[in-house]
Amino acid sequence: MEETYRIKAIILNRKPFRESDLSVSVYSAEMGKQVLVARGAKKFRSKAAAHLEPICLTEIMVVRGKQFDYIGSAVSDNCFIKIKENLEKIEAAGRAVFWLNKLVKEGESDQQIFELLKEYLETLDKINLKIESESFANFFILKLLENLGYRPELHQCVLCKNKILPGGNSYNFLKSGLVCKSCSKTENFLTVSDDCIKLLRVILDKKFAILNNIKASESLIIETKNVINAVLDHL
Ligand SMILES: [Zn+2]
């Protein structure tokens with residue numbers, strides 16, 4: 001007898017698999033990240049395939065298999081149409097999903113990560129995106145890193161443990177956090193402005209809809225984006 005279970009998953013990506021199948025990466029609250037096989041791509045090219053498009057929230061009935069779990073049926077709940085009508089939003093969603101797929105291991109379920117991704121996509125779908133796509137995706141990535149246990153230390157110096165005060169601080173990627181002014185003198189770390197430190201704290205604290213309306217200069221947005229990119233480079 002076949003054993004089945006149901007998940008509500010966000011489709012991360014999909015690619016051709018074997019002769020006529022699709023391999024579909026999904027993230028669900030129930031199971032975390034999984035790679036499922038959709039048997040018979042021809043069959044799935046029609047109606048069901050639309051429900052398995054990347055960046056869709058889809059209800060999937062999964063059939064347990066010996067080697068792989070298979071997609072028995074798939075019905076999309078939300079395909080985030082307004083993301084797909086807008087190139088900037090597609091880029092912002094694509095970058096977020098790419099990094100989630102890269103950073104999250106299979107089979108570790110985490111309700112908070114699922115909710116974070118869902119909130120991000122729902123917000124992106126609704127808003128008039130005011131932040132450049134890579135920066136907006138980096139807001140998601142920073143929150144994702146926090147959820148994965150890589151929260152950057154933004155309040156005390158990672159070297160001497162003193163409270164971070166305004167002026168002359170830098171970022172130490174090996175220790176994942178800020179270095180105070182006096183410790184920054186001893187070694188060469190990436191200098192971080194006070195406004196950038198504030199913005200990093202705000203990103204971790206606020207919801208995406210609020211972050212979209214943040215009042216920040218273009219240079220501050222770029223500095224913050226570069227710090228988050230550098231964090232990713234050092235993972
Ligand atoms: Zn210090």
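The model is predicted: local features need pLDDT of at least 70, side-chain atom pairs count only at pLDDT 80 or more, and totals for chains, interfaces and linings use all residues. Residues are numbered from 1 along each chain as its sequence is written, and side-chain values use heavy atoms, with hydrogens and water left out.

**Strand S2**
- All 8 of the 8 residues of strand S2 (residues 21–28) are buried, so the strand is largely enclosed by the rest of the structure; buried means under 20% relative accessible area with a 1.4 Å probe, protein chains only.
- Strands are DSSP runs of E with at least two residues, and helices are runs of H or I with at least four, numbered from the N terminus.
- One side of S2 carries Asp-21, Ser-23, Ser-25 and Tyr-27, the other Leu-22, Val-24, Val-26 and Ser-28.

**Pairing of S2**
- S2 pairs with strand S1 (residues 4–17) in the antiparallel sense over 8 bridges; pairing requires at least two DSSP bridges.
- S2 also pairs with strand S3 (residues 32–38), antiparallel over 7 bridges.
- Leu-22 is the bridge partner of Pro-16 and, in S3, of Ala-38.
- S1 and S2 form a hairpin with 3 residues between them, where Arg-18 in the turn has a positive phi of about 50 degrees.
- S2 and S3 likewise form a hairpin with 3 residues between them.

**Helices H6 and H10**
- The axes (lines fitted to C-alpha atoms over the stretch in contact, with angles from 0 to 180 degrees between N-to-C directions) of H6 (residues 133–147) and H10 (residues 218–233) come within 10 Å and cross at roughly 45 degrees.
- Contacts (heavy atoms within 4.5 Å) involve residues including Phe-139 and Leu-142 in H6, and Ile-221 and Ile-228 in H10.

Note on methods:
Buried < 20%, exposed > 50% of the residue type's maximum accessible area, 1.4 Å probe, protein only.
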